Amino acid sequence: MTETMPSLIPEQLRAQIDRWRDRRGWESERVFAVRTDFDYAGPAQITCDGLAVTVADCRSDLEARDLLLGLNSQDGHGLLMLMRTDEDRIGEDVRARFAGKTVHTLDPREVLKEIYQATAIDPRIANDDSLLDALVMSGAAGSGRKAPGGTVDLDFAWSVILRQPDLMNQRPDLVEILRWSLDEDRWAAVRALDSALVPSFFDWVAERAGEAARCLESLFTTDQANLYLPLGLVAGDLYHVRLDHAEGVIGARTRMENYLNGKSLKPAEAAMWSHAAREVLDKRPPEDCDRISVQVDAVLEVIKATPLASAFRYSKQGFKNRWLGFADDIDRLGKRKWETGSRAVFNSLAQLHDHALARLHMPRLARAEMAARLAGYEVSFAPQRQRATGLSASAREFAANDSFVDWARFELSWGDPLPEVAEVYFRLVKRMAKVRIEAQVDFGERLCHWHADNEDGTKGLIPIENMVAQCVAPLALERPVLLLVMDGMNFPAFHQLSRSLERAGWAAQRRVGDEFPTRVMSLLPSVTEHSRWSLFSGKVQAGTRNTELVAFRENSALADVRSKGKPLLFTKSDLGSENSSALSIKVRDALAGSEHRVVAVVINAIDDQLKTGGQLSLDWKVQDIGILPAILEAADQGKRTLVITSDHGHIPEMENTKAIERQSQGEARFRHGEVSDDGERKFSGNRIEAALGSPTIILPITEALRYGQKAAGYHGGACDLEALIPLAVFSAPNDEIDGYEVIDLPQPEWWNWSRVFQGDGVAMPAPAQPLKTKPKKKPITNVDELPLFDDAAAVSAASPAEPSWLEDFLKSEVYAEQERLLGRAGPNKDHMRKVLSALDANGDKLLMDVLAQAIGEQSIRMQGVLSRVARFTNVDSYEILEIDKKSSTVRLNRKLLASQFQLKL
């Protein structure tokens, strides 16, 4: 390697002259000579610390003399001769005019030291002409930058060349380089590198990124850096041990080398590349994942690996294949041995969840879980079911089991974007609808007899007119109560809403010895006009009546409740402006205050949806019911116990109803006259006559009939979904109510689909689809097989010792201010201490289930506990306590905690 640069640039010459003139005795020198064979294409004159230096080629002694004669004699002018001949051919008298009386060699290393005020250069730079050249050329842009510690090393060099000073402290690893490739500003500097510099750049990257950097270099040199992510994602799965024996995989791996200039990938390199690509993509917007999945499929097509697409986590075609495989496993469950079929369903559903595109299809995956539950119920539980005896037993069976069947089939009725999957769902829903209609007929007949016998034997069922007396009044004697009436809420909607309430921090309370939720019997016909008035008044009455507001205020069951103000009832018009989540000040103050011991609120979100023209699509979750979060927040501030119920249920339209238009009253499912369909019954009795002023009424007892136009849903009939109403009590997690106990929300055994299909809920490894295999070879270990999380058993479940900073945190002014602002909505100090101590003891990060074990809390209660702790600690919306629902991980940002609460950690 020569000691001269491949080309001469002004910065190089200027730096060399400045260095010479700084030497003792050289300050006054004006003539310099350097021996070089390289061209100079810069300006004819350069300025060196106030000296205007003319740069000229010199090929002989005579030309040197001419240049000296032409030198401007005035101060401030100098001459630099680029000697194209050997020094011994220059006369001694001429050499005497040169600085140092000799012809010098231009030393690029010395120039570099001069530019960056360094005393040493990394040998890898000193021996790389391209890097030396680039650093000198970057000198002007890098003026003012001084090599740290007096050494020009590689990190400093690339921070200068790429004009990215942060590289001094953060050399890019594989993940960072992949991020750069998606950042137009950063990647523009890399694309602008001279081709001679590219190997040096990737050598530097490889020091942290490993051999996978060579793959990136191959793609860069062929202008295919846009494939960094898709090829990395393909490589991780293509070279995984699970595909070692799959048919066609060897050929696909060989064709993969065409992208990499013939480079052969090792499994460890492929895994590193894949892990880096996943880490980058998982933090990108969802649409990026969708875009990359299309590129992945294009790569699979080129390498002829499309038949293996199911095994690739980022393949769009593979995601589709997994859906088809799941649907097939669901469809065949009842036709296979349970061990084989259940394992197949579990693994195919696990494969769906494992696919990268799953996060873009969460509602669809939730339906897939419902399909698994329903299929498991149909095959393993439904055949063992015993027929209930009596109305109370039928109602109990509906609340505890059939209403969950309904929840699942209502969800599945929405189908799937893939017609093959939708068809499987449709057949499953149709089969279960037949089973449910049989149960509805049984319940309806019992209900008909119960009314005819004047409600003889009502154990386990509360008539709606007795609900305030039996539940609200006893609670109101002890504490403030919010009676929340979700107009039209059936049991399946309640199951969704109750779980959402629990996640929002409300704890389910059960009266000791009772079942949860309590079952209430609506008035028949099950319409708002009759049932809701009876609920608030405590009476069944036809004809002229007081308004609901007056009836509730004068309800005799609440007469003994001591309160400054009488019971208040707020309906739709009181709550706030339409289509707004803002709660009116009047309602908020009543709920948050203590003047009125009992406040009732009616929310019409469910009943209003029934009047729409299509299927009912709203999720019954707190956040999806606009005004509800504000109501709950105000109730929480008022330290109110929540009693949630309805006035009647509803049946959603699932394209399985037939219309009967014979003397019907509007869209309601009741009419007068005589029975004209197998799904109808004539109801009579004291309760019917008291409600209607008429001795009989014709009501449908199944979900398959409707009177009038098709709508999103219907009510008014005697189907269990309409006539049975849930009644439940919720409170703050640490509230103790005399005679009540905090419980986990109940669910039938078959609802836990993972346990049903795998016993212990652990998936067994299996290919995403059957693959033709060759004779097995000894499998190789692959880094992809490393566990995603630390072993939960390694984390101590014992109560951790409190960290030294915790007391300062609890005594801080910010803590006191948060307590004042949040009041009852905040966590108790015991939970705060335990959560922060457990996270501190385990590196500020824990899985949610492990954290629950560490603080001695039930897993099902953790969402509520953590939401309150997070609400308290996350001052000014800074995410001090981060709850990653996707990975069920809780993280504490200790630096932010110290900053926001003014602590010294």
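Q: How many residues does α18 have, and how far does α18 reach from its first C-alpha to its last?
A: In this predicted model, α18 has 20 residues and reaches 27 Å, which is close to the 28 Å expected at 1.5 Å a residue. The expected span is 1.5 Å times one less than the number of residues in the helix. Helices are DSSP runs of H or I with at least four residues, strands are DSSP runs of E with at least two, and both are numbered from the N terminus.

Q: How many of the residues of α18 are buried?
A: The helix is mostly covered, with 14 of its 20 residues buried. Buried means under 20% relative accessible area, exposed means over 50%, and partly exposed lies in between, using a 1.4 Å probe and protein chains only.

Q: What is W323 in contact with?
A: Leaving aside neighbours within four places in sequence, W323 is in contact with L352, R364, L365, A368, D416, L418, V421 and Y425. Contact means heavy atoms within 4.5 Å.

Q: Changing topic, why does D61 count as buried?
A: D61 counts as buried because its relative accessibility is 19%. D61 is found in helix α2 (residues 61–69), and beyond four places in sequence it is in contact with R89, I90, G91 and V94.

Q: What is the mean pLDDT of the protein?
A: The mean pLDDT is 85, and 89% of the residues reach 70 or more. pLDDT is the predictor's confidence in each residue, from 0 to 100. Over residues 760–798 the pLDDT is below 50, and this stretch has 62 contacts in the model beyond near neighbours in sequence. Where pLDDT is low, the predicted coordinates should not be read in detail.

Q: What rules apply to the numbering and the values?
A: Residues are numbered from 1 along each chain as its sequence is written, and side-chain values use heavy atoms, with hydrogens and water left out. Local features need pLDDT of at least 70 and side-chain atom pairs count only at pLDDT 80 or more, whereas totals for chains, interfaces and linings use all residues.
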